[in-house]
Amino acid sequence: MNKFFVFLLILFLSKDLLSQDINQQAIIENIVEQQDEIFNLNTFLEQIDYLKDHPIDLNKITYSELLSSGLLTSKQTYDFITHRQQYGRLYSINELFILESFDSITIEKIKPYVFVGHSTKNKKLSTLFLRTSEITQKKQGYTDTSYLGNPLNIYARYRFQSNKINVGFTLEKDAGELLLKNNFPDFYSAHIFFNNIGKFKSIAIGDYSLNFGQGLTIWNGFGFGKSPDVTNVIKYSKGLKPYTSSAENTFFRGFAFTYQIKNFEITPFFSKNTIDANISEKDSLNNKVLAVSSIQQSGYHRTENEIEDKNALGINSYGTNISFSKNALQAGLTFIQNDFNANINPIMQTYKRYNFSGDHLSNIAFDYNYAWQDIEIFGEIAVSDNGKTAVVNGIVAYLSSKVKTSILYRNYNKAYHSMFANAFADGSSVANETGLYSSISINPNNKWRINSYIDFYMHPWLKFQTDAPSKGIEYFTQIDYLLNKTTTMFLRYKTKNYETNSSIENNVELLQTVSKKNCRYQIIFNPSSVIKLNSRVDYNLYSDEIKSYSGYWFSQDVVYVFPKKRIVFTGRIALFETEDYHTRIYTYEPDVLYDFSIPSFDGSGMRYVVMLKYSPVKKVDLWFRYALTSYSDRSMIGTGNEMISGNIKSEIKLQARMQL
Amino acid sequence: MGNTSVAIKNNTIYSNQAGLAETENIVLSIFSENKYLIQGWYQNNISAAIPIKSSVIGIGANYDGMHTYSNKSLAVSYSGKVSNEIAFGMLLKRATNFIQDYGSIHYYNFEFGILAELAPEFNLGIHLFNPFGSISISDNIYQQKSIFRLGLAYQVDKILLLAADIDKQIQNQPNIKLGLEYHPANPIYIRIGINTYPFNFYSGLGLQWKSFQWDVAMSFHPVLGYSPSASLSYSFGKDE
């Protein structure tokens, strides 16, 4: 359970049907802006939904489980567990009022997710999801048949969840991909997952994900770094979980389990999987892949080239994690060995000099987390088999009930290698970065909140489009104001100054400092469970040594719940104008459940989104979504195979969810 | 008040139509402005707001221009309340652009607005001008650019009202508007306002007497000069 999402979801008032939390969206937008990649976030919303149907037993849950659920802060978790150890089991949730760190808002918020005594919730859940979408206009790739399949996106997912067993499968076909023989989709994933069988805390067969430590060795799926929840920088490892996402390249396939002995949990795992990669050398006799130059992350298999790269590289991964948990101390040791069935030989460019090459890669790491009264310290140190290290250490402290701070230091060697790491960083990989991040969160009263961070970082070696070691600074401040129970607003300001290649040709100075500023103002008005308004204005400024570019975004969202709650209407109208690709605006858009839309807009035009959710009977939900962008500055949209002629791009999406 | 009308309830269909939703009586308004003291260049309009059951229908006619170039339109509006706190309004306009020696173009335009009472003293207004593009009737295609307006109004106390808007039209810089209304004693209202793009300074005086509201204003553009305006509205029905 990601601590961010659940904690923030709870922190702000949210009516049941309109609970897309603004800070949650902001975090996701921030990640996408920083890393230019879309992470697949389905898993997290699913977990929150899961918790509602399978609430936590407050009398049985352990310290580390409660901490990783994200429902409480580490101080509250520590206080609660200590209290329970001293005074025995709770008989009512309201007993939590005794604890100083619990207030009425927190207790109200966690009530739907926890219980004391006997749970009255459903024990078994069986859900089928079907979704299809299509871009209405014809892309160039279909006209000249570079894309071999049809333009439909198809997605199907089945899950069965009970206390002891989780079973599920996912099938997906992206636009442009062919259906395989027997009409089988391009991507498929399945899992069987057991919970609490004797001393086995979990057993996974099929596809699973692993998350350990602070992410320096293995952390599948969503990773986060700097965000508006400035002091939440600690990762709480979720260990072994079934893999249910449709991101095609970041999971394990095989067998794993977690075994519990006293205060220890051991998670050995084994995986035999394939990933997409660019083939650089093939044995002409038997067509066996001998070497690949890079790993492909997109998951697309639409054109002949993309199909050739599909599953080109085999990876056998195995290893184990041993973690120890007692009271407020947690520690872990993780080991992973990856064997590839071909050599990874990156194409030699100076900035790739320290990139991984070879046919095997292993990592070992030690992580710890200790909370004492108002302070929590955490960290991890990892080594890859070439002897290079990655280290992260930090402190989160409550200086008073109104002020929380955090400091995080990271040092990732330029030659540290890992396959599955995902940790706190400015860049997108866990390598070639050192930095110091510090933040403060101030709650002077119930109405105001100020969150601020500053991050200094450095890349000791070259990067893509940065031909010398470089550095950067990022400042962020957000002021939230709760006007009353129904209205919140915030003002956000962020500046990032970083170095990249000079724009002036043949400049004696290799690098220039570029400055990116954003300012955003947003108001959310939620007067009842029937209607919600969200207004937003953004201003971006990008300046390099030659020019400055600006960008604007204005949008208005409306969510309206019809009487009897059978139909929910969501609409958005937005106007955007950006002078340059550098000032493009990323925005989280209203979308169907568990699908994410974080498009970026550059140029100028209008954006319209209309969505209807209809629940004809209790266990069935249907969604219809129509989105359209109308550009006022161009007559062709996109490039290459993605090009559309005209200035309009629209998408239709349908989704159904059935509880069987 | 510098045209900072998005979050304020006005009596005319020519501002945020959502502001009409609470009108309880039939209101008739007329408005006239002489642009930059140039003879012959006027904007005149007349509009009426008619409450029907729980919504308000508005009609209006507008003329802007001079004998060589003008824009004439007829409009109908509909406003209602979605909840106690949120009102919406929309307007459909049929307009004609006339240029001497060239002819006329006819088109339809649409406007939509929302007014939300965030707190008793705090209003939020959103207004969209031409969000979906104009529909032309003649052979020539005429497009007006969409405008997105967002505004806040804060009633500090019985005497003072502050308002701020930001307007954005594609290919123009955003126009930040600030306005202030001072109501020292019945029946007097004193208003001043500023727009940033294009830069304009506004000042005005209003008188509210029984069912009449009478306003005069003067706007000042640093290059083009002064534009005086006046408006009068009458509210049929019981005195408030």
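Tutor: We may begin with Arg625(A), which is buried, with a relative accessible area of 1%. The model is a predicted one.

Student: Why is Arg625(A) called buried?

Tutor: Buried means under 20% relative accessible area. Arg625(A) has 1%, and therefore it counts as buried. Asp591(A), with a relative accessible area of 12%, is buried by that rule too.

Student: How do you know that Arg625(A) forms a salt bridge with Asp591(A)?

Tutor: The closest N and O atoms of Arg625(A) and Asp591(A) are 3.5 Å apart. The rule asks for a side-chain nitrogen of Lys or Arg within 4 Å of a carboxyl oxygen of Asp or Glu, so the pair qualifies.

Student: Which residues make up the network joined by salt bridges that share partners?

Tutor: The network consists of Arg131(A), Glu589(A), Asp591(A), Asp595(A), Arg607(A), Arg625(A), Glu651(A) and Lys653(A). Over all chains, the count comes to 36 salt bridges.

Student: What makes Asp621(A) and Arg657(A) a salt bridge?

Tutor: Their closest N and O atoms are 3.0 Å apart, and the cut-off is 4 Å, so the pair meets the rule. Asp621(A) lies in strand 30 and Arg657(A) in strand 33 (residues 648–659) of chain A, so this pair ties together parts 36 residues apart in sequence. Both Asp621(A) and Arg657(A) are buried.

Student: How far apart are N and O in the salt bridge of Arg149(B) and Asp165(B)?

Tutor: The distance is 3.7 Å, N to O; the limit is 4 Å, so the term applies here as well. Arg149(B) belongs to strand 9 of chain B and Asp165(B) to strand 10 of chain B, 16 residues apart, and the pair links distant parts of the chain. Arg149(B) and Asp165(B) are both buried.

Student: Which side chains meet in a salt bridge between Lys168(B) and chain A?

Tutor: The side chains are those of Lys168(B) and Glu577(A), at 2.4 Å from N to O. That distance falls within 4 Å, so the pair counts. Across the interface of chain B and chain A, the rule finds one salt bridge. Polar contacts between chain B and chain A number five residue pairs.

Student: Which strands of chain B each supply at least two residues of the side that touches chain A?

Tutor: They are strand 6 (103–119), strand 7 (122–129), strand 9 (147–155) and strand 10 (160–169) of chain B. The largest share, five residues, comes from strand 6. By type, the residues on this side of chain B comprise 18 nonpolar, five polar and three charged.

Student: How many residues are in contact, and what area is buried between chain B and chain A?

Tutor: In chain B, 26 residues are in contact with 28 residues of chain A. The two chains bury about 2200 Å² between them, 81% of it on carbon and sulfur atoms. Leu118(B), Phe148(B) and Ile170(B) supply 26% of the area that chain B buries against chain A, more than any other three residues.

Student: Why is Tyr409(A) called partly exposed?

Tutor: Buried means under 20% and exposed over 50%; Tyr409(A) has a relative accessible area of 38%, which lies in between, and therefore it is partly exposed. Tyr409(A) is found in strand 18 of chain A.

Student: What joins the side chains of Tyr409(A) and Asn411(A)?

Tutor: A polar contact of 3.1 Å joins them. Beyond residues up to four places away in sequence, Tyr409(A) touches Val391(A), Val392(A), Asn393(A), Gly435(A) and Leu436(A).

Student: Which residues have the most contacts inside the largest nonpolar core?

Tutor: Phe80(A), Leu96(A), Leu216(A), Val233(A), Tyr412(A) and Val430(A) have the most contacts inside this core, which has 44 residues. Apart from it lies another core, of 29 residues, among them Leu533(A), Leu575(A), Ile114(B) and Ala116(B).

How values were computed:
Residues are numbered from 1 along each chain as its sequence is written. Chains are lettered from A and ligands numbered from 1 in the order in which they are written. This is a predicted model: local features need pLDDT of at least 70, side-chain atom pairs count only at pLDDT 80 or more; totals for chains, interfaces and linings use all residues. Side-chain values use heavy atoms; hydrogens and water are left out. Contact means heavy atoms within 4.5 Å. Buried area is the accessible area (1.4 Å probe) that two parts lose on being put together, summed over both. A polar contact is a pair of N or O atoms within 3.5 Å; within protein, one must be able to donate a hydrogen and the other to accept it, and residues adjacent in sequence count only if both atoms are side-chain atoms. Helices (H or I, at least four residues) and strands (E, at least two) are DSSP runs, numbered from the N terminus. Ala, Val, Leu, Ile, Met, Phe, Trp, Tyr, Cys and Pro count as nonpolar, Asp, Glu, Lys and Arg as charged, and the others, Gly among them, as polar. A nonpolar core is a set of buried Ala, Val, Leu, Ile, Met, Phe, Trp, Tyr and Cys residues joined through side-chain atoms within 4.5 Å. Buried means under 20% relative accessible area, exposed over 50%, partly exposed in between (1.4 Å probe, protein chains only).
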